[in-house]
Structure formats: C-alpha cells, structure tokens
Amino acid sequence: MSKIIIATIIILSLGVLIYSPNIVRLYKLANLYNEKSIAKNFINIDKIFDNTSNPIRASQNPHVFKKKDFKLPQSYYFEDERLDIEEGLAHFHTDGLIILHNGDMLFEQYWNGNSIDSKHISFSVAKSYLSALIGIALDEGLIDSIDDTVSKYLDDFDGSGYQNVTIKNLLQMSSGIEFNEDYADPNSDINKFSRATARGTSFRDFAKTLQSGKEQGTYNHYVSLDTQVLAMILESVSKMPVREYLYKKIWSKIGTESDAYYITDSTGVDMALGGLNATLRDYAKFGELYLNEGNWNGEQIVPKSWVEASHKPDSPHLMPDAGDLSSNEWGYGFQWWVPGNPITDYTAHGIFNQFIYVDPVTNVVIAKTSSNHRFRSEREYSKAAHIAIFRAITKHIENEYKEWICIKFNSFIELNGYF
C-alpha cells in the first residue's frame, strides 16, 4: 500500500473522529420531530442529546394538589364552528393535560406514552421562567434597572447588534434584532441556530453574530436569542448558572415533585430560551405561582408588580392585533403572551403546543404538553385553537362552580329553615 493511500486513510479516519459527534448531533436534531417518534423524543431529550445540565432537584417539601371530580366540556367554538374537545386534544397530539381551579386539581391525564413522571421539553415555555428570574434579580438589586443596556453587564457584546439594547426591550421581544424564527423554513435563523449549536457553537458566540434591523422598542418581533442574552446577564450578575438560580429562587420553593434539567450548549450553558425539561405537575405549579401574583403559601417569591407587568402590554406595538407594529397576532408582556379579546388571560407558549395558561378571572391554570408534528404547518391555527379550548374549559368550570354555589346555598337555606 502506497504512502499516499495510507496518509489518505489516516486523514479520513481523523476526520471521522473529529466530526462524527457533530454529524450524529445533526442527525438527531433532524429526526427530533419525526411523526413516528416525536412523542417519545420529547420526554427523552437527555437520552437523545449529550449536552444536558445537572439535575435541578425537586423541592424538599413537595406539594400535591387536592383532586376533585370534573369532566371536560364536550365542545368548544372556533372559527364559527362547534368542535369536539376530545377530538381537538387528539388532533394536536396532546401528551398531558392538567387543569387547576382555586388550587385544586380538576383534571389530569396523559397520552402518547407520557406519565406523571415524564420530563417533557418545554421549548419556549422556559422563557417565562427566565422572566421570573430577571424580576427576582431586579428586586434583589443584582440588576439596577430594566432600562440598562446589554453592554452594561456584558462588555464582550460591545460592537454587536445587542450592544445598546435595553433589558426591557429584550423582555418584550422588541430588541430590533433581525431574526427569522420560522421553524418551517430550513434557512431561517432559528434553524441556523439549532444547527450551529449542534455543531458545537456556543449560544454566546451565535448571539454576537446577530445584527439590528429596526429601532428597538418600536416593533414586536419574536427573537429567541433575546431570552438567551437575558440569561447571560442573569448569570453575570448572580454568579451562578441559570439552573442554580432557578432552584434557589423558585424551584425549591413551590413544592416541585420531580427533578428537572436544561439542554446546554457545548460550554455547559443552560438553554434558557427553550431547553427546560420537567414534569407537567411542576409546570402547573409555576402557573399557580403566577395566578397567585407570585405568592406561594404566604411567601412572595416573584414580586407582585413584576407578575402584573409580565402580562400587561404597555405600548401599542405590544398589544394584541397590533397590525404593522408587530409580527405577532397575540400581545406580549415580559416573556408571556397575551392572546387578547379579552385581555385578562395570558399564557406561556412553546412550539409544538406547550402551554401554561393562566386565567385570573376564573382562577384557572391549565398546563399542557404536546407533540404536535403538524405545528410547523398550522402554527397560528393551533395556537388560536388552543386558546379557544382553554376558554371553553374555563367557562365550563365557571358555570359548574356557580351551579355548585347555588346548590350549596339552597341546601343551607333548607337546612336552617329560612324562608
């Protein structure tokens, strides 16, 4: 065998050793949303990808919701049609559904191989957790003001598109950063980001490549990297990983029953923009925390004013149906969505239809995990349909609760001989 052939074999072998891990990660990423395996994949992220964090340990005082009997309403109205709720839940490949009312669990059910113990990827629901942590850091004085710019806390972002963007505009997805978040477009920035991180690029290095396209604070446009930059600021001021700050400030305090974990980049940084994996019961507890204005059993965990600001759009471009001022139909607060009409309920939402929905009017929280492989082709339809389903459920609960109050009242009257 000639020396040239031997050298070629050695070079090729080295290439396989160097690049094969990246090739494997890219292959796994490409097949993550395969229709036949998507449900299994979404509860086995730690078995699919090498880069996951140490566990976020469950609370030492787990809270178990008291259960009550409840039946789902049969139908919901959407786009002037009366539709069957169970068929809707099946169509959107619901993996788990929990409904809370007044702190009690009315409904809990799992499908597609999921169970109480399944740790399901949250995708962008994780952004709402990061928002809460920013609010806590602000309250603790670790962050001086949400009007501060990125470069005040991250000097290595000088010269980048993020240099002069304020924390508030990051929170409200109004950074002005040019970014295409269309998951159906293989050449979109979000898909480029996924491929780059699979190849080993750090979140930080990727964020520095992004440039401004609009004046900040004038246009609502969803940029997932905005949240990751917020996480970099949080890690800088707290001197700890996001996972550790989450555990200390929220996770250990709200009665979580199970460990959780984040996807990380090649440097071990937590994917705050969408990499949190946890059980549905623990997602529901975060919704309950927000329903109670940041208070859990008498302890103010997230500042009340922060919770209120998180779901109240404060500028025209953040309102639902903002038209030319927004690329989204829903309104936006501090990393929480506001569907609108009415403007009272709000939701955390992740791709493939993950939700933590909060309705302060009826005291209802709905947590839902899904593996809707159709999401990329029916994105806006599926989002709007879910809000219609959730509102049908809250209305049904409200009607049942009123009926229950009437029955109790009449029983009291009869028992005490009034009238």
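**Walking through the model**

Modeller: The protein chain has 14 helices and 14 strands, taking helices (H or I, at least four residues) and strands (E, at least two) as DSSP runs, numbered from the N terminus. This is a predicted model, so local features need pLDDT of at least 70 and side-chain atom pairs count only at pLDDT 80 or more, while totals for chains, interfaces and linings use all residues. Residues are numbered from 1 along each chain as its sequence is written, and side-chain values use heavy atoms, with hydrogens and water left out.

Colleague: What's the mean pLDDT of the protein chain?

Modeller: It's 92, and 89% of the residues reach 70 or more; pLDDT is the predictor's confidence in each residue, from 0 to 100.

Colleague: And where does pLDDT stay under 50?

Modeller: Over residues 412–419, for which the model has three contacts beyond four places in sequence. Contact means heavy atoms within 4.5 Å.

Colleague: Switching topic: which strand does β1 join?

Modeller: Strand β1 (residues 75–78) is joined by four bridges to strand β2 (residues 81–84), and they run antiparallel. Two strands count as paired if DSSP finds at least two bridges between them. Tyr 76 sits opposite Leu 83, and Phe 78 is opposite Glu 81.

Colleague: What about the turn in that hairpin, which residue takes a positive phi?

Modeller: Glu 79, with phi near 50 degrees; the hairpin has two residues between the strands.

Colleague: OK, and what's the strand order in the open sheet of three strands?

Modeller: β5-β7-β6, with antiparallel pairing. β5 (120–121) and β6 (261–262) stand at the edges with a single partner strand each, so one side of each has no neighbour in the sheet. β5 pairs with β7 (residues 276–278) over two bridges, and there His 120 stands opposite Ala 278.

Colleague: Which helix packs on the sheet?

Modeller: Helix α12 (residues 280–291), which touches β5 and β7 and makes about 110 degrees with the direction of β7. Axes are lines fitted to C-alpha atoms, for helices over the stretch in contact, and angles run from 0 to 180 degrees between N-to-C directions.

Colleague: Last one: how do α5 and α10 pack?

Modeller: Helix α5 (residues 125–139) and helix α10 (residues 224–238) pack at about 35 degrees, with axes 10 Å apart. Among the residues that meet there are Leu 130, Leu 133 and Ile 134 in α5, and Leu 230, Ala 231 and Leu 234 in α10.
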